[in-house]
Amino acid sequence: MRALVLADFGRFEVQERPTPGPAPGEALVRVVATGICGSDLHGYTGENGRRRPGQVMGHETVGVVVALGEGATGPAVGDVVVLNPNLGCGSCARCLEGNAHICAQRRVIGVDPTISSGFADYLAAPAANLIGFGGDVALGALVEPLAVGYHAALRGGVAASSRVLVVGGGPIGQAVAIACRRLGAASVLVSEPHPARRTLVAELGFAVVHPDELPEAVGAVDTAIDAVGVSATLETALAATAAGGTVVLVGMGAPTVEVPAYAISTAERTLVGSFCYAPVHFADTAAWAAGAGPELAPLISRVVAPEQAQGAFAGLADGSDPASKILVAFAPDLLG
């Protein structure tokens, strides 16, 4: 099979690799398309230390089941499925309560270098991590980031009366804003400095401002969700949140941030972390996204072949490409 291999930091190569076979409990998936995630970019550049040369990355995947391993249950051969890439141990307290995404032994398809992942013609994965998808096949590659945004909105307690600020209008910020609308938020404002991203956020139907315009929003929202994750954006989120409000940190722009402690304690704000998604939130998002085609279609900037992926990664990494979400298609004939 073809695989997009991280030959070295900053360089992908399309190589021939053995097609995996499904182990017991697994399904073999013919990959239709896999989205390029911000964490994939960090792996490509080598800046986060969580990828290594020689591995096949990719986790925002939609595909078709072509074979089942012994004892595999759930999807059937021929089903279109989306991949929940989080692999919990299955037996710890976190897994048993439905929170495999924060299992201490968690591995992630697309991150773990021992697993050949979604940037390839085929992927073997536990059948339990494959969720049927009944919508436009291309939109299946958006389910994973959309689930990140949905989980973050739930962590922030977003509900029908909520006034929400989303700090950052990139792919995760877009997913957060969509999730807040999905939950019926009273208002959603997005802060984003990049003109192309502001244009896309507006096209999605959200109010959007440059961060320099935010002082008027200070103290005005119930929930602020930081989809960037650096000291400055966390400070902005706290400043915009009313006394007693909640700030959710879902962006991972820096491993360490400075926290304006008085902004938390004196106004009794709550600071909440959000990481990935619980399995039920992934499944719920897959079911919702299957019927949300017109709303989600603008999120896909373009589709490229594996042979074009190196150029796409390079442009995204150096900032010359303003694309929001690029899909790498391994079976473009199945995209519809």
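How many aromatic pairs does a search of the whole structure find? I got 5 aromatic pairs, where rings of Phe, Tyr and Trp (its six-membered ring) pair if their centres lie within 6.5 Å.

Ground rules first. I am working on a predicted model, where local features need pLDDT of at least 70, side-chain atom pairs count only at pLDDT 80 or more, and totals for chains, interfaces and linings use all residues. Residues are numbered from 1 along each chain as its sequence is written, and side-chain values use heavy atoms, with hydrogens and water left out.

**Rings**

I looked up Tyr44 and Phe313. Their ring centres are 5.3 Å apart and the planes sit at 40 degrees, so I log the pair as tilted (under 30 degrees is stacked, over 60 is edge-to-face, the rest are tilted). Tyr44 is in helix 1 and Phe313 in helix 10, so this pair ties together parts 269 residues apart in sequence. Helices here are DSSP runs of H or I, at least four residues, and strands are runs of E, at least two, numbered from the N terminus.

Next I checked Phe119 with Phe313. The centres are 6.0 Å apart and the planes at 80 degrees, so that pair is edge-to-face. Phe119 comes from the loop between strand 7 (107-108) and strand 8 (122-126), 194 residues from Phe313.

Buried or exposed, what is Phe119? Phe119 is buried at 0% relative accessible area, and Phe313 is buried at 0% too. Buried means under 20%, exposed over 50%, partly exposed in between (1.4 Å probe, protein chains only). I also noted that ring pairs link Phe12, Tyr44, Phe119 and Phe313 into a cluster.

**Helix 1 on helix 10**

I then looked at how helix 1 (residues 38-45) packs on helix 10 (residues 309-318): the angle is about 95 degrees, with the axes 10 Å apart. Axes are lines fitted to C-alpha atoms over the stretch in contact, and angles run from 0 to 180 degrees between N-to-C directions. That makes the two helices roughly perpendicular (65 to 115 degrees; under 35 is roughly parallel, over 145 roughly antiparallel, the rest oblique). Helix 1 brings Asp40, Leu41, Tyr44 and Thr45, and helix 10 brings Gln310, Phe313, Ala314, Leu316 and Ala317; contact means heavy atoms within 4.5 Å.

Last, I traced an open sheet of 6 parallel-paired strands, in the order 12-11-10-13-14-15. Strands pair if DSSP finds at least two bridges between them. Strand 12 (207-209) and strand 15 (270-273) are at the edges with a single partner strand each, so one side of each has no neighbour in the sheet. Strand 10 (residues 163-167) and strand 13 (residues 221-226) are joined by 4 bridges, and Leu165 has Ala224 of strand 13 as its bridge partner.
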